[in-house]
Amino acid sequence: MGKDKPFVVFVLGATASSKSKIAEALAEKYDGELVNCDSMQVYKGLRIATNQDIDCTVTTHCINYVDPVASNQYHLNRFQDDACCAIDDIVSRGKLPIVVGGTHFYALSLLWDLESPDIITSGRSDLTNEELHAIIVEHEPDASVRYNIGDRRKLIRAVAMIEEGLSLDEFDIDRIRERRPRYHSLVLFTKTDMSVLETRITRRCDEMLDEGLLEELIQYTELYMTTTGDHTLDNVKEYECGLTQSIGFKEYLPFLKAYFRHDEPVQYHKKVISECLKTHVRNTVKFARVQIKQAALFEETGIPFLFIDTTSALMGQSSFKDVIDGVCTEVEAIGESDIDMNAIAEANEVKARRRLMKKSVMCDICGVEYPGIDENAHLNSRKHKNALKRIRELDDPDASDVLTVLRRMVSIPTVSGDLDMYKLFIKYVTNICNHYEWEYEIVFDYAIHITFEADVLPEDGKSAIFYGHYDVVPPGQGWSVDPFDSVLKKGKLYGRGTQDMKCVLAALVTTFAKRDFELMRTIHVLMVPDEEIGGFKPLFRDEAGSDFLNGLNPCVWIDEGFPGHDSVVLCDGEVSPCWVKGVFRGPQVHGSTISDELASTKLRKLITCLDNHEELHYNFVHLNSPLIANNVVPPSLEFQIDARVQPGHDLLKLYTDIEDCFGENDEIEYLDRSMLNPRSERTPTFDLIQESIRLLGTNVTLSTFPACTDARFARQQGIPAYNVSYQPGEPVLAHQKDECLSVRNLIDSLEFYKHILKNI
């Protein structure tokens with residue numbers, strides 16, 4: 001049976017992994033011809049930008065033959081027709097067809113004998129990516145996870161399929177089951193060390209500029225503008241189809257726009273080109289990573305599949321002929337064998353089942369994602385039943401018992417960014433507010449603002465803010481209990497958020513629920529998400545937030561603290577974040593080289609700079625560079641630093657010193673930093689907090705808060721702010737496994753807050 005179908009070799013893999021060299025070597029050895037399988041190389045006009053091999057001596061079909069302006073809607077069906085005709089022609093002349101390229105979905109259309117549906121997509125181009133993705137989520141929630149919101153072409157096609165009545169999941173699964181091989185095929189997939197590949201991509205992008213990439217782009221753009229009438233190059237939708245979407249064109253749009261404006265100096269052009277080149281390299285590396293993952297589309301299909309390692313050839317340690325010689329035996333054996341249709345059918349069924357297993361359902365009760373075919377097992381699981389019980393308990397608005405309130409708050413897994421859990425937490429707190437008839441509002445979607453009006457107006461007319469976050473960091477591994485089960489053991493409550501900082505929110509809620517005292521000034525309780533990553537931004541980073549805070553007219557701000565060894569810790573200041581992300585670049589040289597221009601030397605300079613600022617501590621949270629060889633200094637080094645600066649430090653000098661470590665070709669980005677980090681003056685409220693601690697027979701330790709809270713924004717606006725939590729004698733377990741809090745401390749904290757609220 002196998003002899004009835006032509007033998008076709010596919011050479012696929014990541015960009016810059018030398019697929020073309022492998023294919024050419026195969027063609028020379030086995031008297032073959034090439035069929036291009038790169039969706040951008042079919043177009044005429046940008047041979048450099050699309051990396052068409054000008055020096056190739058082997059006859060190549062389906063390359064450099066489509067008018068990019070007149071035919072900007074070249075599609076899969078046309079490629080399928082053209083490529084199949086080319087393969088038939090090659091076979092008729094007794095030669096070996098070798099399909100080569102990196103557009104793997106084009107390759108799949110040749111590998112399997114399936115007609116692609118002729119979907120008309122032009123009518124959806126007026127919708128935004130967000131609107132397109134929303135349609136997919138609404139109609140195909142399980143399949144929607146496969147569609148990146150930034151990939152406009154795939155979004156448009158998916159929406160078109162939905163409107164044609166095709167189910168994305170069922171369509172994929174049915175096609176997997178039904179597919180049969182079009183040819184007697186062998187798939188060779190290039191495999192290259194990623195660090196070597198990144199270095200080669202960087203070098204190739206530089207070489208493209210040297211070979212005349214910009215001149216080619218200018219020439220093509222002039223033709224494009226003349227034909228389309230788009231003289232501003234601002235018609236963004238045009239860059240979502242045809243040649244203009246290719247990597248190597250759209251990355252240089254900033255330069256092309258500047259060039260055709262004719263009003264920018266040449267020096268400006270050089271700067272823009274440098275930025276465009278960085279984007280070109282970055283997008284090419286990103287695309288290569290995607291292509292590497294797509295190997296899974298061709299593995300375990302029943303069709304012969306081999307990885308072919310090109311690392312040594314790219315490093316100059318062997319030739320491409322040597323690489324080919326290593327797989328010749330397999331190529332020849334597979335070419336002489338029959339197609340194993342049973343193996344292919346079995347593999348297709350397994351793949352279809354796997355896809356079906358991935359068709360998942362998100363449980364609205366417990367937030368767990370499970371395979372749809374396992375619904376009964378999930379509904380009977382302990383986790384689901386416990387979550388159902390907890391949610392029913394959240395309908396109880398009684399807040400008179402602080403332990404019950406905290407247990408319920410902890411049971412809501414408000415992991416940072418989980419908006420559904422944020423809403424559930426808000427629902428619980430607003431139920432309490434309604435029950436006790438407290439005045440409240442939801443501000444900026446996810447912050448709860450509760451107001452307790454003063455019984456006796458203060459002379460200064462100002463209020464006090466008690467502030468805390470209800471989100472928590474992911475619990476991580478190693479917990480001895482479920483981090484959201486609120487487990488009570490030996491006088492301690494275990495769970496994520498017990499220390500940081502739902503304990504404070506629960507204590508405030510219960511103190512007001514049991515209130516039997518007058519307020520000397522208005523109290524604003526604010527519960528917000530996302531404090532630990534630099535602030536609930538709407539409150540601090542835009543005009544509406546500033547107006548809201550100014551309207552509260554606070555005289556003091558009280559935020560979370562941290563546990564003390566044998567005392568309560570009180571802070572009048574906190575460290576300032578200096579989160580820096582960057583890339584150092586330099587020449588790739590022998591390991592014995594000494595030079596200030598090396599990427600590694602620049603990193604050492606930065607470390608020395610940070611070490612010289614004594615009132616600062618820092619950690620590298622990311623450090624990466626391509627490994628070229630044991631004795632080679634790499635040309636780039638990526639890093640990210642989390643630095644914390646003590647109050648009063650000269651921040652401007654710190655930032656200047658850091659920036660002096662970077663050269664013209666390096667990159668630096670501040671993910672977060674402050675220009676001001678004062679300590680708060682010690683007001684009567686500061687003394688009142690100390691008094692409230694000592695009344696409970698506990699010592700006070702004055703300190704600086706070692707992490708970042710939103711209190712820093714209050715200090716920057718001149719509002720006195722203090723960090724304190726009533727947690728004496730507790731180990732610091734925030735962000736760690738088995739976070740817990742003494743029930744005794746939780747109960748005592750009611751008296752602590754009551755004394756402050758009565759007298760503030």
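How many salt bridges does the count come to? With a salt bridge taken as a side-chain nitrogen of Lys or Arg within 4 Å of a carboxyl oxygen of Asp or Glu, the count comes to 25. The structure is a predicted model, in which local features need pLDDT of at least 70 and side-chain atom pairs count only at pLDDT 80 or more, whereas totals for chains, interfaces and linings use all residues. Residues are numbered from 1 along each chain as its sequence is written, and side-chain values use heavy atoms, with hydrogens and water left out.

One of these salt bridges is formed by Asp516 and Lys754, with the closest N and O atoms 3.4 Å apart. Asp516 lies in the loop between α19 (502-513) and β14 (523-528) and Lys754 in helix α25 (residues 743-759), so the pair ties together parts that are 238 residues apart in sequence. Helices (H or I, at least four residues) and strands (E, at least two) are DSSP runs, numbered from the N terminus. Burial is classed by relative accessible area (buried under 20%, exposed over 50%, partly exposed in between; 1.4 Å probe, protein chains only). Asp516 is exposed at 58%, while Lys754 is partly exposed at 23%.

A further salt bridge joins Arg679 to Asp572, the closest N and O atoms being 2.8 Å apart. This pair links distant parts of the chain, 107 residues apart: Arg679 is in the loop between β22 (667-673) and α23 (684-694), and Asp572 is in strand β16 (residues 567-574). Arg679 is partly exposed, with a relative accessibility of 41%, whereas Asp572 is buried at 5%.

The side chains of Asp666 and Lys602 also meet in a salt bridge, at 3.0 Å from N to O. Because Asp666 lies in the loop between α22 (651-659) and β22 and Lys602 in helix α21 (residues 599-612), the pair ties together parts that are 64 residues apart in sequence. Asp666 is buried, with a relative accessible area of 8%, and Lys602 is buried at 10%.

Charged residues without a salt bridge were examined as surface patches (over 30% relative accessible area, like charges joined within 9 Å). The place of a charge is taken as NZ of Lys, CZ of Arg, CG of Asp or CD of Glu. Asp55, Asp206, Glu207, Asp210 and Glu211 form a negative surface patch. Within this group, Asp206 is found in helix α7 (residues 194-210) and is partly exposed, with a relative accessible area of 34%.

Technical notes: Patches are made of residues with over 30% relative accessible area and no salt bridge: like charges are joined within 9 Å, nonpolar side chains (Val, Leu, Ile, Met, Phe, Trp, Tyr) within 5 Å. Accessible areas come from the Shrake-Rupley method with a 1.4 Å probe; for residues, only the protein chains shown count as cover. Lys and Arg count as positive and Asp and Glu as negative; His and the chain ends are not counted.
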